[in-house]
There are 2 protein chains.
Amino acid sequence: MIKSLKFALVFLLIITSVHAQEWSLMPMPKEISRGDGKFRIGSDGLQVTIEGNYHSRLDANASWFLKRLSSRTTIPFLPKQGKGIRLKVNRKAIVRLGENESYSIKVLAESIEVESPTDLGAKHALETLLQLVEIDETGYYIPSVSIADSPRFPWRGLMIDVGRHFMPVEVIKRNIDAMSVAKLNVLHLHLSEDQGFRIESKTFPKLHQLGSNGEYFTQEQVKEIVSYADIRGIRVVPEFDMPGHTTAWMVGHPELAAAPGPYEIEKYFGVFGPTMNPANASTYKFLGKFFKEMTRLFPDEYVHIGGDENNGKQWDANLQIQVFMKKNGIKDNHELQAYFNGRLLKILEKNGKKMMGWDEIFQPNLPKSIVIHSWRGRKYMDDSARKGYNSVLSNGYYIDLSHNAYKHYMVDPLPDTTSLTSDEQKRILGGEAPIWAELVTAENADSRIWPRTAAIAERLWSQNPASDYNEMYRRLFEVSKHLEQAGARHISNREPMMRRLANTNSIEALMVIANVAEPVEGYRRHGSQKYTTYNPLSRFVDITLPDAPDAIKFRMLLNDYFLHKNDAIYMELSEMLSVWEKNHNLVESTIRSNFNLKEVEVLSINLSFLASTTNMLLKMYHNSKTISAYDVNSFSSIVVSLSKPVAEMELPLADDAKLILALMYEKGMVK
Amino acid sequence: MIKSLKFALVFLLIITSVHAQEWSLMPMPKEISRGDGKFRIGSDGLQVTIEGNYHSRLDANASWFLKRLSSRTTIPFLPKQGKGIRLKVNRKAIVRLGENESYSIKVLAESIEVESPTDLGAKHALETLLQLVEIDETGYYIPSVSIADSPRFPWRGLMIDVGRHFMPVEVIKRNIDAMSVAKLNVLHLHLSEDQGFRIESKTFPKLHQLGSNGEYFTQEQVKEIVSYADIRGIRVVPEFDMPGHTTAWMVGHPELAAAPGPYEIEKYFGVFGPTMNPANASTYKFLGKFFKEMTRLFPDEYVHIGGDENNGKQWDANLQIQVFMKKNGIKDNHELQAYFNGRLLKILEKNGKKMMGWDEIFQPNLPKSIVIHSWRGRKYMDDSARKGYNSVLSNGYYIDLSHNAYKHYMVDPLPDTTSLTSDEQKRILGGEAPIWAELVTAENADSRIWPRTAAIAERLWSQNPASDYNEMYRRLFEVSKHLEQAGARHISNREPMMRRLANTNSIEALMVIANVAEPVEGYRRHGSQKYTTYNPLSRFVDITLPDAPDAIKFRMLLNDYFLHKNDAIYMELSEMLSVWEKNHNLVESTIRSNFNLKEVEVLSINLSFLASTTNMLLKMYHNSKTISAYDVNSFSSIVVSLSKPVAEMELPLADDAKLILALMYEKGMVK
């Protein structure tokens with residue numbers, strides 16, 4: 001019991017630095033200072049004027065800015081009427097690694113001036129302006145402010161796995177729009193997997209025809225995505241994962257594999273045997289033609305070749321490969337994959353591309369142009385940097401694992417404690433949040449990606465972001481609104497799912513549970529049930545969020561309470577707990593009459609008891625009541641038993657109860 | 001006062017035929033009878049097998065059926081596993097007017113057999129099956145049932161005006177999916193207007209380049225829409241409205257107009273002067289090339305040429321046209337337009353197409369192949385039929401006017417009272433619900449179209465649909481769920497709009513108002529404010545619905561109460577009224593602190609008072625309390641003053657209050 005209480009104390013470290021911030025921006029700009037006036041947005045209208053040499057994408061972004069601002073304020077902005085926002089741009093940007101994205105903003109009562117070396121900076125400035133808009137009784141306005149801003153890292157990415165579950169173009173496009181809000185600039189598309197090959201190949205049409213169940217991007221759609229991303233200043237980096245994770249390729253092309261086949265599209269998830277044959281000249285001939293076709297579709301200079309989780313079983317069992325290894329002095333499978341990668345590298349270079357791969361691809365013979373993508377641990381990133389290689393961090397940013405956003409937020413690619421030299425630090429290009437799609441569909445993708453990825457985006461953009469729990473979540477919930485207004489459906493796609501599951505429109509009480517429960521973290525959902533690509537992911541757990549909004553709000557309030565310990569906050573906390581306590585009575589009949597809700601019954605009961613227990617503990621704490629060690633143990637047992645996973649969900653409220661108990665220890669209230 | 005009370009009594013006629021129905025289907029099939037068993041949908045899976053000669057669209061619809069059913073039941077349906085739904089089809093359908101759409105279904109405990117002459121019938125059967133799915137404590141099932149079904153009219157359409165506000169492809173596609181749920185089979189696209197020319201022309205690129213503000217369908221997208229609609233068994237009928245409503249054409253091609261120009265894209269709404277010049281040979285040369293290009297994109301045999309609302313001003317003022325008329329013995333503008341239509345007809349016929357137009361185009365010289373589209377009144381439809389012409393009814397189905405769905409539902413193209421002969425009746429092809437887009441955007445389009453259009457769809461599909469208010473709405477709210485599950489966003493797009501307007505996620509109390517208020521009916525919104533195409537339509541009124549769901553639920557309950565007059569229903573009504581009465585207190589501070597919500601303050605107060613007044617009246621009625629004529633007059637005055645439009649919205653609850661007062665008169669409770 002004491003162990004779990006000590007665990008709870010960890011939270012205490014977080015709540016010591018709470019201080020009110022005056023901005024609702026995310027990511028926070030490098031420099032910002034507030035003036036006195038207000039730039040009013042009124043019925044006289046508003047227009048954006050652009051000066052200098054800029055790319056036409058800025059016109060599109062200016063229109064998008066006005067459209068979103070118009071919808072929000074309800075004011076029609078007729079062309080060439082009203083006050084102006086003046087953008088001054090020096091030159092056309094090229095959307096590529098390292099392009100200048102800086103900008104400055106000066107808002108006065110009657111004018112807004114934006115300056116930026118390229119149109120990318122001006123685009124970022126427009127996003128910042130939208131986040132600055134405030135409202136009072138007279139209407140909407142932007143406060144007077146001076147901002148100078150530029151990103152900390154040049155590589156700030158979101159990786160979407162369209163292999164395990166396909167995501168149609170409209171899902172990709174609205175996520176590109178959301179990325180623009182968060183000032184991310186790399187969309188990494190994981191295009192092939194054991195479960196699906198997701199892009200049309202005209203050279204080898206059997207790849208998508210037999211490898212995708214009909215769900216893939218046509219080349220026209222790829223062009224549409226690339227050009228849409230370019231407008232938002234976002235690079236598209238394609239990944240073709242090989243030599244492993246390639247079952248879907250082998251359905252149409254078994255000759256690529258190191259074992260004869262036949263192959264079927266994989267419907268389970270995990271690490272599987274099918275692997276490309278690195279000992280066949282024909283493999284490289286195929287890949288030569290393949291990359292010649294694919295590199296034409298993606299203008300970015302980087303191509304990601306995956307390279308992860310090759311279990312080597314097919315290679316071990318293939319006599320031809322064993323002979324090949326001996327003949328060429330290749331010691332083991334790791335060296336064999338290095339050989340394979342070396343051949344791939346030549347193919348990519350022939351097509352004018354640089355190579356990127358997951359950290360398994362690292363080995364010392366590769367040229368310094370490659371980028372190591374660290375997923376197994378930050379150590380692989382630091383090692384690469386020390387040996388002169390550029391790298392990108394994803395370890396710690398796996399947003400599919402249902403950790404709280406705060407956990408990801410605290411992962412810094414270059415923490416103060418880094419042992420890298422200044423030159424080595426320059427090789428850390430940034431990071432990417434990958435949304436692996438075992439448990440993600442087009443329907444719930446947005447709610448798994450947003451708003452949480454905005455916290456990671458701030459870590460990668462801002463120089464010294466606040467590290468405070470409450471402050472991060474306060475701003476995350478603000479940016480969440482902007483993400484929704486830009487088109488993300490992370491909030492609005494949940495209620496239709498609940499209405500469908502519950503077979504009724506009266507879902508208020510069910511949403512109370514869904515807003516306070518979280519999916520179990522890590523890989524534990526895979527443990528409890530064997531998922532396939534055919535699972536619809538339409539259960540209750542698929543509607544809950546990794547950052548349960550009401551649980552987070554309670555935690556924030558509790559943090560405030562521990563700092564200030566006043567009656568008002570106590571009453572508010574107690575009121576929240578009462579709502580949860582009473583909720584089971586409201587949903588009981590709905591749950592019992594609906595087969596698909598039955599798995600939630602125990603969770604709903606647990607929430608009720610847990611809220612009631614927490615309320616009791618909080619009352620004792622508030623009244624500084626002494627409690628016996630025996631009672632603490634009893635309460636702890638209750639909390640632990642109520643915190644057990646139900647239907648792949650957990651109640652983070654249990655941690656709050658433990659925290660209160662731990663504090664009672666600390667304060668000497670336990671006798 | 002008495003006059004308005006008499007108006008209220010009209011509702012009484014509606015509530016006399018209430019009787020419980022056992023099905024939740026919409027449209028109701030021709031014949032249906034229930035058996036004893038249940039076809040269980042369980043974890044052993046489900047598969048659809050198809051026999052006979054069918055079009056591949058049925059495979060796509062079977063996959064879509066399984067996907068929706070899987071999401072709803074949370075059960076993964078692995079390929080080739082589990083019980084079967086067997087579809088037997090005789091031949092491949094061609095998606096055209098008059099194609100056979102009939103089907104039969106036999107559901108037994110262990111099997112489901114569907115038979116249909118064409119794959120279109122089988123597709124309809126799958127939609128019916130989805131609406132038959134029920135749930136109990138053991139799980140989902142389809143009850144044993146025998147159905148024989150076929151449509152009453154062959155032309156059942158939805159017209160979307162993409163001219164006044166453009167709707168992107170994804171909006172069109174999800175509305176096509178919703179049309180499939182309602183068994184509609186014609187998507188009429190109103191592609192050109194004064195405010196926009198919405199389709200790429202390669203022959204005359206200035207049409208879309210200068211006439212659309214960049215918002216138009218590319219030809220690739222048109223192909224995508226047509227092929228998507230074909231999969232769902234839906235014809236796409238393009239409309240190019242002419243000679244009036246053509247300002248956007250003239251921006252790039254002023255030479256088409258009967259006055260010199262220059263022209264700008266119209267930003268206001270109404271009837272405008274710019275009209276094609278029917279006296280120029282070059283006009284027909286242009287249209288010849290234009291239709292040659294456009295008819296290739298739309299495989300359907302009909303092309304709609306509009307023809308409405310030509311105000312004739314440009315013609316009157318053009319000397320060349322006056323000379324032309326004299327020379328050719330053309331008496332007036334009506335005859336001149338007939339001449340123009342005659343020339344158009346030849347162009348269409350040359351391209352293998354039949355002509356359709358709004359009822360102004362009717363005149364006796366046209367061939368019998370044309371279709372008259374009646375919008376000014378049913379008389380034009382009947383007259384056309386008597387003179388041997390086919391016609392389609394839209395008068396009474398204008399879903400943009402915010403009338404209640406029930407009003408549209410009661411419009412029958414061929415009521416029992418029709419004076420048409422049996423042969424003439426055959427010329428009534430069906431109807432179309434047009435959503436004119438002055439006040440409709442991509443964001444709120446779904447909520448203006450659905451679920452209401454499903455009621456019109458039933459009128460056009462079913463032989464003898466129930467005409468009962470409660471029964472219609474009961475089933476409409478059921479089909480609304482299926483529409484949402486098929487992809488329509490009529491429910492889920494509203495809350496994001498409210499969150500944006502209110503600048504907070506706590507919108508429950510605001511939604512209470514939004515679910516009980518309705519936009520003012522008819523053209524009255526245009527009266528109160530001069531709208532332009534730049535108005536974002538993001539105000540409170542744009543979030544309310546033409547069928548305010550909670551107001552309708554109250555009305556239904558009130559109807560039940562008047563039939564049964566028992567304490568339980570009374571208590572339920574009273575409870576609903578109490579919620580509305582108390583709501584203003586909950587929203588007052590939110591409204592006051594937010595500039596954009598201020599226009600709603602009076603409405604919120606009115607709702608509170610109106611609910612309180614209605615509650616008093618209901619209590620008196622329930623307790624059979626006698627009331628003085630003086631008091632009735634006082635109550636009536638209060639109700640009338642509380643029912644006045646506020647911010648372009650009304651409270652239908654006022655009619656319920658009037659109804660109770662009228663009933664008190666009827667029952668002799670007024671002394």
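**Helix packing and chain pairing in a predicted two-chain model**

Good morning. I begin with two helices of chain A that are roughly parallel to each other, H23(A) and H25(A). Please bear in mind throughout that the model is a predicted one.

Helix H23 of chain A covers residues 601–622, and helix H25 of chain A covers residues 653–666. Their axes are 10 Å apart and the packing angle is about 25°. That value falls under 35 degrees, the limit for the term, and the pair therefore counts as roughly parallel. The crossing of H23(A) past H25(A) is left-handed.

Which residues of H23(A) meet H25(A)? On the H23(A) side they are A:Leu610, A:Ala611, A:Thr613, A:Thr614, A:Leu617, A:Leu618 and A:Tyr621. Their partners in H25(A) include A:Leu653, A:Ala657, A:Ile660, A:Leu661 and A:Met664. By class, this contact holds twelve nonpolar residues, two polar ones and one charged one.

Helix H21 (residues 549–564) and helix H22 (residues 567–592) of chain A have axes 9 Å apart and pack at an angle of about 150°. Are these two helices roughly parallel or roughly antiparallel? The angle is over 145 degrees, and H21(A) and H22(A) are therefore roughly antiparallel. Their crossing is left-handed. From H21(A), the residues A:Phe554, A:Leu557, A:Leu558, A:Asp560, A:Tyr561 and A:His564 take part. They meet A:Ile569, A:Tyr570, A:Glu572, A:Leu573 and A:Met576 of H22(A). This contact divides into eight nonpolar residues, one polar and two charged.

Let me turn to the chain as a whole. The domain assignment of chain A gives domain 1 as residues 31–149, domain 2 as 155–478 and domain 3 as 493–666. Between the C-alpha centres of domain 1 and domain 3 of chain A, the distance is 42 Å.

Next, the two chains together. How many residues of chain A are in contact with chain B? There are 34, and they face 34 residues of chain B. Elements of chain A that give two or more residues to this side are helix H2 (57–73), strand S7 (139–149), helix H17 (469–485) and helix H18 (494–502). H18(A) supplies the largest share, four residues. The side of chain A that touches chain B comprises ten nonpolar, 14 polar and ten charged residues.

As to symmetry, chain A is superposed on chain B by a rotation of 180° with 0.0 Å of shift along the axis, and the RMSD is 0.0 Å. The two copies are thus related as by a two-fold rotation axis. In chain A, A:Ser492 has the C-alpha nearest that axis, at 3.0 Å. Both copies use the same surface, since 100% of the contact residues of chain A recur in chain B.

I close with some backbone details. Most residues other than glycine have a negative phi, and most peptide bonds are trans. Against that background, A:Trp450 and A:Pro451 are joined by a cis peptide bond, with omega about 0°. A:Pro451 sits in the loop between helix H15 (445–449) and helix H16 (452–461) of chain A. In chain B, a cis peptide bond links B:Gly261 and B:Pro262, again with omega about 0°. The loop that holds B:Pro262 runs between helix H7 (247–252) and helix H8 (281–297) of chain B. Finally, A:Lys183, a residue other than glycine, has a positive phi near 60°. A:Lys183 belongs to the loop between helix H4 (169–181) and strand S9 (186–193) of chain A.

Technical notes
Residues numbered from 1 in each chain as written. Chains lettered and ligands numbered in written order. Predicted model: local features only at pLDDT ≥ 70, side-chain atom pairs only at ≥ 80, totals over all residues. Axes fitted to C-alpha atoms, helices over the stretch in contact; angles between N-to-C directions. Parallel < 35°, antiparallel > 145°, perpendicular 65-115°, else oblique. Left-handed = near helix turned anticlockwise from the far one by under 90°. Contact = placed C-beta atoms within 7 Å. Nonpolar A, V, L, I, M, F, W, Y, C, P; charged D, E, K, R; others polar. Domains from an automatic or database assignment. Least-squares fit on C-alpha atoms with pLDDT ≥ 70 in both.
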